[in-house]
Amino acid sequence: MEPQRETRATLQAAAEATLAAAGGATRTCTLWVPGRIEVVGKHTDYARGRSMVCAIDRGLVFVASPRDDAKLVVVSRGAPDRLEYALTDCTASVELAANNKGWAKYVTAVVNFFAIHRGDAIPPLTIALAADLPQNAGLSSSSAIICGVAAILAKQVAGSPALSADDLGKIESNNLVGTRGGSQDHAAITMAKAGYLSVFRYVHGTQLDKHIPMPCGLVFVVAVSGVSACKTGNALEKYNRLADASHAVKVERARHESEFVVPLASLAFSSSNLQMLRAAIGISQRHAESNLMTTVPETEWLQRKALELGAIAASVFGAGFGGAVYAITRADDAETLCTTWGGAYGQAFPVASRASEFFITRPSECMTFLDGAE
């Protein structure tokens with residue numbers, strides 16, 4: 001059975017409690033930032049290709065309040081780190097970045113972008129966040145942190161325009177974070193539409209191609225493998241090796257996925273042709289295994305087991321080298337698949353399964369201020 005999940009209201013309450021514990025005063029803004037599923041279009045964004053993605057109903061809630069000192073403080077529920085940036089000395093932020101690890105590294109990249117690259121005067125703030133999105137699972141938890149902190153700073157800095165998906169992608173691709181990729185995750189987080197799958201193209205910047213409705217009665221079941229896919233850790237070198245290939249190699253690698261698989265999946269979803277959908281997503285899975293070589297035994301097993309258990313289609317997704325697998329199934333069958341799939345995985349991979357998680361989700365809304373702010 002799917003574990004009991006937190007509601008957005010309970011996440012907001014947790015974020016507000018974390019804010020209060022950090023000394024935050026009156027909350028001035030509240031922001032929802034979702035995770036995402038990459039349906040097809042693996043590693044195509046930095047090769048100027050196309051991909052199909054959706055936001056999901058798991059993510060992060062950020063809250064912020066002003067401070068009366070010259071600091072920016074960022075805290076996260078359950079994390080021991082309290083990130084503090086002295087706003088009177090931008091150089092201190094650069095020096096901090098080299099020592100930051102994990103989620104702190106993404107926050108520092110955003111702070112340096114505003115303070116140094118744009119030269120903005122960041123106001124003193126306390127930002128707190130709470131999440132129900134699994135980390136290092138290919139669900140874009142790191143991109144969600146970047147999008148959330150950047151959106152709050154853009155709102156609080158006088159006259160500062162909101163950042164585009166391309167701007168956000170560049171923050172994550174710079175040397176402070178260490179990955180060199182594209183803007184797919186940020187496009188999904190900032191531009192997805194509830195109930196729809198979104199196709200983006202990445203030629204001359206990120207552009208929305210179309211929104212396609214998720215066929216009625218279908219949902220995603222996500223299996224988080226428990227094999228960490230941390231871009232700043234064990235998968236960093238492998239991830240950058242894909243992104244650093246010559247332009248010709250990247251384009252060739254992405255061409256079939258962009259020009260055949262994404263259009264085929266788009267047609268399948270639009271026409272509710274489930275056989276075509278299974279075929280399109282199966283091609284994408286084989287591309288990940290044979291060409292990109294981003295799968296691991298656990299994610300390959302999860303994909304095959306989902307089909308064996310009756311899923312309509314299934315694939316690994318995200319950067320790879322661990323992470324998660326999605327299965328598409330009928331809503332009436334989702335609970336059974338979630339339970340059976342998870343139980344079988346526990347028997348097949350008892351070590352990895354200790355950190356695994358299985359849950360049901362649907363295409364959901366993009367990043368949104370919950371207090372009416374833009």
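These legends walk through several close-up views of one predicted model.

**View 1. The whole chain at a glance.** This is a predicted model, in which local features need pLDDT of at least 70 and side-chain atom pairs count only at pLDDT 80 or more, while totals for chains, interfaces and linings use all residues. Residues are numbered from 1 along each chain as its sequence is written, and side-chain values use heavy atoms, with hydrogens and water left out. The protein chain has 11 helices and 12 strands; these are DSSP runs numbered from the N terminus, with helices being H or I of at least four residues and strands being E of at least two. Of its 374 residues, 56% count as buried, meaning under 20% relative accessible area, with exposed being over 50% and partly exposed in between (1.4 Å probe, protein chains only).

**View 2. The four-stranded sheet.** Here you can follow an open, antiparallel sheet in the order β9-β10-β8-β11, where two strands pair if DSSP finds at least two bridges between them. β9 (313-317) and β11 (357-361) stand at the edges with a single partner strand each, so one side of each has no neighbour in the sheet. From one strand to the next, the twist averages 20 degrees.

**View 3. Where β8 meets β11.** Strand β8 (residues 218-224) runs antiparallel to β11, and five bridges join the two. To find your place, look for V224, whose bridge partner in β11 is E357.

**View 4. Two helices on the sheet.** Helix α9 (residues 274-292) packs on the sheet and touches β8, β9 and β10 (324-330); contact means heavy atoms within 4.5 Å. The direction of α9 makes about 30 degrees with that of β9. Helix α10 (residues 297-308) lies across β8, β9, β10 and β11, running at about 165 degrees to β9. For these angles, axes are lines fitted to C-alpha atoms, for helices over the stretch in contact, and values run from 0 to 180 degrees between N-to-C directions.

**View 5. Two loop residues with positive phi.** Most residues other than glycine have a negative phi. N136, in the loop between β5 (125-131) and α4 (141-156), has a phi near 55 degrees and is partly exposed at 30% relative accessible area. S272, in the loop between α8 (247-271) and α9, also has a positive phi, of about 55 degrees, and counts as partly exposed at 43%.

**View 6. Cysteines.** C29 is buried at 0% relative accessible area, and C338 is buried at 3%. A search of the whole structure finds zero disulfides, a disulfide being a pair of cysteine sulfur atoms within 2.5 Å.
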